[in-house]
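Here is a short briefing on one part of a protein structure. Look at the sequence and the 3D view, then read the points below.

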Amino acid sequence: MTTKEAKSPVLIFAPHGGGIEGGTSEIAKELSKQNALYLFESLKSKGSRDLHLTSTHFDEPTARKMVSMYDNVLSLHGYSGNKKHIFVGGTDRERAKKLTQLLNQNGFPAELITKGHDEIAGINSKNIANKNRTGKSIQLEISQPLRSAMFHSFTSQGRDSSKTQTFYKFTNVLSTFVSTSY
């Protein structure tokens, strides 16, 4: 687990890092240069998916404490999918809509989650990301093909040293959004 407190209104939250949802750790670390961070990573060489807890069941004490200290949470997740795509959800519907538009304008196909995708919508009151001071969160579900495109080597060992232009463009879009929206 990696944590970093910051004088930022936003906590970058990645509960499925390392081998659980590959690429989310690296994105979270890049975004934490200007923001607070909570990152849980599986460092197992095999079987990392066994450590996946849904956000409604994620109750690690440090995570609960960190989330409760911030007004807003940007939660990073991955899903399998078969095309480069992002689902944008969470309880902060206004900002989620704005982020969806910004991602699309910058070449990242994004879709605002509406009803019918409850398991990835990030709107459940039991979702740890929604237990912050305001109850407002944005949850990004980034497809595996898009996360793969962010690295020349998508292995646990290779990702940190093989970031592509796609990675930097994506994290720049998110950094700009956070710095101008909160």
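A residue counts as buried when its relative accessible area is under 20%, and as exposed when that area is over 50%. Keep both cut-offs in mind for helix α3 (residues 93-105), whose face turned away from the buried side carries the exposed residues Glu94 and Gln105. This is a predicted model.

**Helix α3**
- The helix has 13 residues. From its first C-alpha to its last it reaches 18 Å, close to the 18 Å expected at 1.5 Å a residue.
- Ala96, Leu99, Thr100 and Leu103 are buried in α3.
- Seen down the axis of α3, the buried residues fall within an arc of 105 degrees, so they line one face of the helix.
- An α-helix has 3.6 residues a turn, so residues three or four places apart point the same way.
- The buried residues of α3 pack against β5, β6, β7 and α6.

**Strand β5 and its partners**
- In β5 (residues 86-89), Ile86 and Val88 point one way, while Phe87 and Gly89 point the other way. All four are buried.
- Strand β6 (residues 110-112) pairs with β5 in the parallel sense, over three bridges. Phe87 has Glu111 as its bridge partner there.
- From β5, the chain passes through α3 to β6, making a right-handed β-α-β crossover.
- Strand β7 (residues 136-143) runs antiparallel to β5, and four bridges join them. Val88 has Leu140 as its bridge partner in β7.

**Ser175 in helix α6**
- Ser175 lies in α6 (residues 165-181).
- With a relative accessible area of 17%, Ser175 is buried, because the cut-off is under 20%.
- Leaving aside residues up to four places away in sequence, Ser175 touches Leu31 and Gln34.

Conventions:
Residues are numbered from 1 along each chain as its sequence is written. This is a predicted model: local features need pLDDT of at least 70, side-chain atom pairs count only at pLDDT 80 or more; totals for chains, interfaces and linings use all residues. Side-chain values use heavy atoms; hydrogens and water are left out. Helices (H or I, at least four residues) and strands (E, at least two) are DSSP runs, numbered from the N terminus. Buried means under 20% relative accessible area, exposed over 50%, partly exposed in between (1.4 Å probe, protein chains only). Contact means heavy atoms within 4.5 Å. Two strands pair if DSSP finds at least two bridges between them. A crossover is right-handed if, with the strands pointing away from the viewer, the path from the first strand over the helix to the second runs clockwise. The expected span of a helix is 1.5 Å times one less than its number of residues. The arc is that of the directions from the helix axis to the C-beta atoms.
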